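Here is a quick walk through one protein model, written for someone who likes to know the cut-offs behind the words. Have the viewer open as you read.

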Amino acid sequence: MKLVTPVVLAALASAGAAQASEPPAFKLVRSDEDYGYLRNATNRTGVDPLRYVPLGDDAYLSFGGEARLRVDAADTPRFGLGGAQADTFALGRLLLSSDLRLGQAVRVYGELGLHRDYGKKDKPAATDRDGVDAQVLFVDVTPASGWRFRLGRQELQLNPTQRFVAVREAPNIRQSFDGARISRSVGSLKLDAFYLQPVVISTGAFDDTRSRTQRFYGLYASTRLSPRQTLDIYALGLERDAVRFGTVSGDERRTSLGARFSGAAGRVDYELEGVAQGGRFAGRRIRAFAASAGGGYTLDQPWRPRLGLRLDKGSGDRDPNDGRLGTFNPMFPKGAYFDETGLFSWGNLAALRASLGVAPSKAVSVEASYTARRLWTSADAIYLQPLVPLAAARPGQPKNVGDAVQLDATWQVSRNVKLQGQLARQDAGPAVRALGGKPTNLAVLFAQFRF
């Protein structure tokens, strides 16, 4: 915590009014930021000089970074099953990046990360701890306008929702991949093709490597149909060796075909996404799916209250003996999509969420929500994030796994400093109580400083 806390506290103490010439907001994927506009010296007023260090004709170097502290307090992690006990601990993340631009054609981007856990009673998760290592390190080549070839270690964000391909922001260590990606932009149309392997985290220094047992590839197309409507279409392939579903082990070769449509009309916003999965697993055919439909209505009132409703469904395996696998695999999901407890995955789940959000100011937002959760089929297991069985499926088990209430708050203190918090209570429904599980209460606080 010594590496993180002083930086965060110092930033909080000095966070005041925005500077006269405020640069753009930081992006979730820091490598997507472009400070080329600072070539014009008049744009550099009030901007951190580290963001633009000129190196000559049309070449510059940019530096950035992040210090983040996450504090968790849970009374019964994982419903108290498997020996889990009440715990309060902290996770610290330190990231330092450099971005070298050599004209418009060549770019080298690197990001070093150091991750630590503090005071955790339970065994550290795979995403809690890592020595100094390359979080991101790639080369971009842009031979012509609209084209980009990227080779190396990179993060992948294909759409803002990040349901099934996420940067894994909430856990301590974000998701990185090694491989190649080609992007092409023509007007509002953006095309991506990639072949990647997820990075396997080792706790030493500079020892993270690409997975030898997983391969992830695909095509993703996104276009703006109108100023407030977007359509995405994609085909993704995931290969995993020696994995297990229920009592069966084997190689998984899964294809996902999906589409996402989002937009807004007046005070109404909406989003739809559906995915169909096929392929083979241990001699069985894969037939799975997931779907999400949601939207909201923002009232023209002080604090701009928004009423939201969302339905999420992920299929489960109805019959383990029919030669088909029906369990949906969310691939690389956003772990905090449902909440920060990590208690439920997309596999074999149906969830209905109602919410009310308000924004007392431009920098502050608060949202309360209630979520009802059921199993898609009682013949399949209860899955934790990302797709880990809480327990094997039991004949005749109830579908009700428990409802949840949640309160989220965000305060963008300044451009550089953000505070976030979540309070969540996940009840133990009949399916969980039958395993000996108890309700889970969780409090999470994030303090993040970026430069």
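In which loop does Arg-168 lie? Arg-168 sits in the loop between E6 and E7, where strands (E, at least two residues) and helices (H or I, at least four) are DSSP runs numbered from the N terminus. Before going on, note that this is a predicted model, so local features need pLDDT of at least 70 and side-chain atom pairs count only at pLDDT 80 or more, while totals for chains, interfaces and linings use all residues. Residues are numbered from 1 along each chain as its sequence is written, and side-chain values use heavy atoms, with hydrogens and water left out.

Arg-168 isn't a glycine, yet its phi is positive, near 55°. Arg-168 counts as buried because its relative accessible area is 18%; buried means under 20%, exposed over 50%, and partly exposed in between, with a 1.4 Å probe and protein chains only. Gln-162 is found in the loop between E6 and E7 as well. Gln-162 also has a positive phi, about 60°, without being a glycine, and at 6% relative accessible area it is buried.

## The whole fold

The protein has 2 helices and 23 strands. Its radius of gyration is 22 Å, which agrees with the value near 22 Å for a compact globule of 451 residues; the radius is taken over C-alpha atoms, and the globule rule is 2.2 Å times the number of residues to the power 0.38. Along the principal axes, the C-alpha trace spans about 70 × 50 × 45 Å.

Buried residues make up 46% of the 451. Of the contacts (heavy atoms within 4.5 Å) with a separation of 6 or more, 59% come from residues 24 or more positions apart. The protein exposes about 20,500 Å², with carbon and sulfur atoms supplying 61% of it; accessible areas come from the Shrake-Rupley method with a 1.4 Å probe, and for residues only the protein chains shown count as cover.

## A nonpolar patch

On the surface there's a nonpolar patch of about 670 Å² accessible area, whose residues include Leu-102, Trp-147, Phe-149 and Ile-182. Patch residues have over 30% relative accessible area and no salt bridge; nonpolar side chains (Val, Leu, Ile, Met, Phe, Trp, Tyr) are joined within 5 Å, like charges within 9 Å. A salt bridge here is a side-chain nitrogen of Lys or Arg within 4 Å of a carboxyl oxygen of Asp or Glu. E4 (106-118), E5 (130-141) and E6 (147-154) each supply at least two patch residues, and E5 gives the most, with 3.

Ile-182 is in E7 (residues 177-186) and is partly exposed at 35%. Val-108, another patch member, is in E4 and is partly exposed at 33%. Leaving aside residues up to four places away in sequence, Val-108 touches Ser-98, Asp-99, Leu-100, Phe-138 and Val-139.

## Two hairpins in a row

E10 (residues 214-226) and E11 (residues 229-245) pair antiparallel over 12 bridges; pairing takes at least two DSSP bridges between strands. These two strands form a hairpin with 2 residues between them, and Gln-214 has Arg-240 of E11 as its bridge partner.

E11 also runs antiparallel to E12 (residues 248-265), joined by 15 bridges. Asp-232 has Arg-260 of E12 as its bridge partner. In this hairpin, again with 2 residues between the strands, Gly-246 takes a positive phi near 65°.
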